[in-house]
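Hello,

Here is the structure for you to take over. My notes follow below it.

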Amino acid sequence: MLPFRWVWATGLSVVSLLAGVCAEAVRPQAAHGAETIRLTLGGPLVLSVSVESLETFAETGEITDNLKLLARFLDEGTLELVRGGLGRPVPLSAATVDHLLYAPLGVDALFNLGKLIQVKPGVNGFHGLRAAFINAATANPEGWTLIDVLRAFPTDTIDLELADLVTLRRTLAVYLSYNAAVVDAIEQEATAEAATQPTTDLATLADLDQPGPYAVQKTTLVVENPALRQTATGLSVNYDFPVDVYLPQGTPGPAPVIVISHGFGDVKESFAFIAEHLASYGFVAILPDHVGSDLAYRQQFLNGRLNTLLSPMEFLNRPQEISFLIDELERLVATSPDWAARLDLGRIGVMGDSLGGSTALSLAGAEINYARLVEACGPDNFSLNVALYLECRARFLPPQNYQLKDDRIKAVYVTHPMGGYLFGPEGMGQIDIPLLMVVGSHDVVATAVTEQIHPFVWTPDNPKYLALLRVGTHFSSKPGRDADPRAGAEGAANQVIRLLSGQHRDVGTRYSKTLSVAFWQTYLQDQTDYLPYLTASYGLAASVGQPMRLDIIRSLTPAQLEAAYGRTPPIPIIPPPVAAVPPARDESILAEIERTGVLKVAFRKDAPPFGYIDSENAWAGYCGDVAIALGEHLTTTLNHPVGIELVELTSTLQNRFDLVRDGSVHLECGPNTIRQDIPGITFSIPFYVTGAKFLVRQAQAATVNFNLPGLRLGVLQDTTTEAFLRERYPNADIVTFSGATDREQAVQAVVSGTIEAFIGDSVLSEAELQRQNLPRDQFALLPENPLTCEYYGLILPDNDPQWRQAVNEFLQDTEAIQADFDQDLRELDYCFNR
């Protein structure tokens, strides 16, 4: 993380030059040998700065050579920021740096930085940067600096271009000038709101950062989750996760429940302070350990035992894990009188920090917006937002939006969340419960403007509160913890975190204790006496004499932000829509099924194992089981008196979308890759993951070369795999198969030698071999990892979100769905973490 902050400072000096240097007749400069940064200003205009001059500046503060020209456009404070960034050591080992930069997240970050720092004009500096970081860390095991990285860059010069620096200048404004203006706007709004409120006299209010009246008992539960997720030991179908429960003693009745979600690479123990504090005020506080993104998982990654720093599935698993935890609490209350006397599950709130804040927002109704992610994470976009790199991992989920709201949750309290690009205004606009969001003005991990303040503007007032910590960082709402005994080799990384933590965390922690108690007393206990703590007046009073100011506001508008900045903001406050929403149906499918008592499902007869004619000439397959289970599920959920009648229709590769689009069926089940480019069609959440591989005869497996010109390769016509094959292997002689027996014909063509290979989804090829009773050991599927990743979803109409939600809830209900999907976990692991 830290190098990006230094790049902001260094980039600021270069960008500031652009404000005036182009007005001067800057002539080409002589190069300074192999240690030169060359800035192309356009045409023949080139400015060269030696790495030696940067090193001198970092060590002594002396400004030499062309740095004198740069310094003319920088104030003293900015120059000091640049100097500190260039020379501050990073305590990460070469092994850690190597693993980070070869991981998907590191690759994304380096590619992004390489758009700016190029090996030569127009050539991304990705490979040079990776070599430079690793070599600098190898040569300086006690700690390496940005100067060391520049010295280790493997080309004669480092090239920067004017067009990229213009983008960088706009990006830097988000973190510097625009951020400062937004903070000022919040302060002005707090002052205005306080003027309309009674003056707060702290002497008349209880000090809520002190423990409450109840003694607290801690216990630990171990919850077994049958869901699939990435864990510290790899991909797991069933996994246990520990849950610490802090119970208030002697409450007059069952107590409200607050679930607290920790951040990425953190541990639940980091929030024991707030759990114990809330329990002392009469709340049951629960701390789950998110095993796919906690400290232990991060350590396993840094030690090279895992291939991804953050699995895309975590954006789904974390909220679902909390929903599953609530399910377990309901089971405990239903079966144990002791738990029933302790837990009031009609009053549940969720707190979350950082990625845990994103988890809480998802549970509050913020829908993950796939189109926004694609827009923000495009290969041509440049960003210095560290949080965006984590959010962009979600773009590798199957291409659709994800609604993970849990209606049992009555309010959410989030500190320093990330999600501006994960949810967008469309997703945040769906939150319909009380929200309090804590923001640090100096947060360089989850940038306050993009990740918190703009999203706050997008959120409806149900009500909502924003608490700004002036000079607060990403870590200001919790105390620093002692070195974790589990940290091991990651101790150096913990040093980096401490550098980013900022000062006055004790003050931020006191604010957090007070605000959280007041918020939960108000919105879970209905105690309106605590509302004065949630006012701008209280924030101003509490800030007197403190090194960290607290501004609490209820409202913020785009007009206020624009007025404070004084010109057009560097990024839109409310970004334009990315896709039109289709008009709703006159009658929802659920209403139609309830009225008619009929569920219409189509599936294939030519796609084993999903739908096929078996050896006894019967229609069989997973999809038939799914249809039956869905009918039974709807009978229960709709409370239908006689049961839902199931009507099964045959679909084909050619008519599957038309059947759903024209209303002939309510859904189609089969090996249908989730896509976003089919008019009138959407998909359910994935129910199966596979990928394309070549089916060849075993005798050819060791020698076949799929890149040879003229090689005869078979594929099903009008499929996404055909499009992939034509793009990836343009010199092949492509043979297409269509019709009701297309896959059967293709496999027979491999058997007869008519084609050298057939490319298709591996699960379907395996099933077809079995259906034709062909000996499996005479065939091979190549390569080991699939060439594409295909996420299968049920085909649904795109104008009925209620129906889509009902189908998704059914697919997530492991008791309702009885179909036995034989999922290849190796392919699943590869596809989710590629």
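The charged end of Lys464 sits over the ring of Phe456, 4.4 Å from the ring centre. Arg554 does likewise with Tyr465: it lies over the ring face, at 4.8 Å from the centre. (A charge counts as over a ring if NZ of Lys or CZ of Arg is within 6 Å of the ring centre and within 35 degrees of the ring normal.)

Before you go further, note that this is a predicted model: local features need pLDDT of at least 70, side-chain atom pairs count only at pLDDT 80 or more, and totals for chains, interfaces and linings use all residues. Residues are numbered from 1 along each chain as its sequence is written, and side-chain values use heavy atoms, with hydrogens and water left out.

Now the rings. Phe519 and Trp520 are edge-to-face, because their planes stand at 75 degrees, with centres 5.0 Å apart. Phe519 is buried at 0% relative accessible area. (Buried means under 20%, exposed over 50%, partly exposed in between, with a 1.4 Å probe and protein chains only.) Trp520 is buried too, at 0%.

Phe694 and Phe706 are stacked: 3.9 Å centre to centre, 15 degrees between planes. Phe694 lies in strand E25 (residues 692-697), and Phe706 in the loop between E25 and strand E26 (712-716), so the pair ties together parts 12 residues apart in sequence. (Helices, H or I with at least four residues, and strands, E with at least two, are DSSP runs numbered from the N terminus.)

Next, the disulfides. The structure holds two (cysteine sulfur atoms within 2.5 Å). One joins Cys377 to Cys392, S to S 1.9 Å. Its S-S torsion is -90 degrees, left-handed. Cys377 is buried at 13%, and Cys392 at 7%.

The other joins Cys623 to Cys669, S to S 2.1 Å. It links distant parts of the chain: Cys623 in helix H25 (residues 622-637) and Cys669 in strand E22 (residues 667-669), 46 residues apart. The torsion about its S-S bond is about -70 degrees, so this disulfide is left-handed. Cys623 is buried at 0%, Cys669 at 2%.

Last, helix H29 (residues 762-771). Seven of its 10 residues are buried, so the helix is largely enclosed by the rest of the structure. Among them are Val763, Leu764 and Leu769. Asn773 follows H29, with a positive phi near 55 degrees.

Best wishes

Terms used. Rings of Phe, Tyr and Trp (its six-membered ring) pair if their centres lie within 6.5 Å; planes under 30 degrees apart count as stacked, over 60 as edge-to-face and the rest as tilted.
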